[in-house]
Amino acid sequence: MQDQQRTGLHKPETVAEALAALSDLGGGGTVMAGATWIMRAPFRQEPMKPAYVSLAQIPELHRIEFTQAHVRIGSAVTHARLVRELQAIPELRGLVSAAGDSANPAVRQAATVGGNLCTADFAAADLVPALLCQDAEVEILTTEGRQLLSLDAFLGLRERLERAYLLVSVLVPRRPLASAHARLPLRKAGDYPVAIVSVAVECRPDGNMRGAAIAVGSVDAVARRWRGLERAVAGLPLDALRIHQLALDLADEFVGRDGPEVPGWYRVKVLPTLVRRAFATLQQH
Amino acid sequence: MAVRINVNGEERSFDGDVVTPLLDVLRNSFFLTGAKDVCREGFCGACMVHVDGVPVISCLTPVGLVDAKSVLTIEGLGDESDLVPLQRALEEGDAVQCGMCFPGIVMSLTNLLAQQPLAARDEIKRGLCGNVCRCTGYERIVDAALTLARNERRANV
């Protein structure tokens, strides 16, 4: 017996058509990219939308472009493609690690950059901290036109943006950085990570860090930069054990969100160890 | 509008809701029950099929996104009288247990060995990290896949 419900599925071929479809649907529709989050709505006791706008047939959203200044990643690029196409770029090792270790191989074939960034209820998205510490910007299309926002600003705004918006691309600045990503799932793969630490560091000729960007995911409801620790490590040698001690001292900046897999305090407890692991990875490189 | 899919070389159509999981369409409408209905959350891999040659978790794939694409299920891979080399290696290695996770594992390994015919043990394990076996027969499964990879290496010498 077939389900009697008939969900609408729009398949625009340009971003303008997609935006028009979203505008027409109002609150009755939303974007569908890889669908890995949407299809689990029943597990979260959330209703499915009456209609979806698929991004699968919009070529612009599937492109990765390289310029002197940026790597521009279309929002419908999957995690698996990120790994394949960015693995030769040394400064993006952290982002590639985030994409390549998230979920499991088949989910990585479907889940997209845009889905990771736009799903406000998904606190454990690996790409968010990895892109935050790269100072990434996002290109948004609304009925007002295109605009660039820092990823940090977008994360604060995304639930208040008008319904008809489209995340078109992510711009990652090209800089002489070293980056790494550390995550703690409860088993080796498949689980959502309990906590995530992404770091990106620029070193001076004397080997000390000019600056370090440190982003934390899955601990709070929304991933964020750990500014207190960034200030504490600026100018120091790249020494994972010393930075671990600083992270232990400063970890009370986080409260930790309670979840079905672990209580909030546990996420905070493991955070300094993940900081050490991320910096140790940088030392190895 | 009906969704049209080529399933194991045969043109099929589905006239239900576009957000119906591909898994349910395969099992309930096309009566292809090789892909198993287990976690429905994308964690266990028991429902793995290939869409246009790429392994996908069919429980999380809305059928509307598969329109005009080719789907390969375990039924399309080989049958009892004509097993593919991977199936033969798994059988000869006595790796097959209860059968719940197995179709998904075969579909994952088929793609992995097509992409990396010389895959090493760690690469095979990494490729199988999205397939959960509750019988915990992983080592013999990995051994069987390694046998194929070794044969491939020998053939290349």
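This report describes the domains, sheets, helix packing and chain contact of a predicted model.

Residues are numbered from 1 along each chain as its sequence is written, while chains are lettered from A and ligands numbered from 1 in the order in which they are written. In this predicted model, local features need pLDDT of at least 70 and side-chain atom pairs count only at pLDDT 80 or more, whereas totals for chains, interfaces and linings use all residues.

**Domains of chain A**

Chain A is divided into domain 1 (8–51), domain 2 (61–173) and domain 3 (178–284); such bounds come from an automatic or database domain assignment. The centres of domain 2 and domain 3 of chain A, taken over C-alpha atoms, are separated by 20 Å. Between them, 22 residues of domain 2 of chain A are in contact with 24 residues of domain 3 of chain A (contact requires C-beta atoms, placed from the backbone, to lie within 7 Å). On the side of domain 2 of chain A that touches domain 3 of chain A, the elements giving two or more residues are helix 3 (93–101) and helix 6 (127–132) of chain A. Helices (H or I, at least four residues) and strands (E, at least two) are DSSP runs, numbered from the N terminus. The largest share of that side of domain 2, six residues, comes from helix 3 of chain A.

**Sheets**

The table sets out one sheet from each chain; strands pair if DSSP finds at least two bridges between them.

| Sheet | Strand order | Pairing |
|---|---|---|
| Chain A, five strands, open | 4-5-8-6-7 | antiparallel |
| Chain B, five strands, open | 2-1-5-3-4 | mixed |

In the sheet of chain A, strand 4 (64–66) and strand 7 (145–150) are the edge strands, each pairing on one side only. Within this sheet of chain A, strand 5 (residues 70–74) and strand 8 (residues 166–173) run antiparallel and are joined by five bridges. A:Val71 has A:Val172 of strand 8 of chain A as its bridge partner. Helix 1 (residues 15–25) of chain A packs on the sheet, where it touches strand 6 (137–142) and strand 8 of chain A; its direction makes about 130° with that of strand 8 of chain A. Angles run from 0 to 180 degrees between N-to-C directions, and axes are lines fitted to C-alpha atoms, for helices over the stretch in contact.

For the sheet of chain B, strand 2 (10–14) and strand 4 of chain B stand at the edges with a single partner strand each, so one side of each is left without a neighbour in the sheet. Two bridges join strand 3 (residues 48–51) to strand 5 (residues 69–72) of chain B, and these strands run antiparallel. B:His50 has B:Leu72 of strand 5 of chain B as its bridge partner.

**Helix packing in chain B**

Helix 3 of chain B lies across strand 3 and strand 4 of chain B, at about 40° to strand 3 of chain B. Helix 3 (residues 102–115) and helix 5 (residues 138–156) of chain B pack at an angle of about 30°, with their axes 12 Å apart. That angle makes helix 3 of chain B roughly parallel to helix 5 of chain B (angles under 35 degrees count as roughly parallel). Helix 3 of chain B contributes B:Ile105, B:Leu109 and B:Leu113 to the contact, and helix 5 of chain B contributes B:Ile141, B:Ala145, B:Leu148 and B:Ala149.

**Contact between the chains**

Across the chains, 24 residues of chain B are in contact with 23 residues of chain A. Strand 4 (residues 54–57) of chain B gives the most to the side of chain B that touches chain A, with four residues.

Methods:
Contact = placed C-beta atoms within 7 Å. Parallel < 35°, antiparallel > 145°, perpendicular 65-115°, else oblique.
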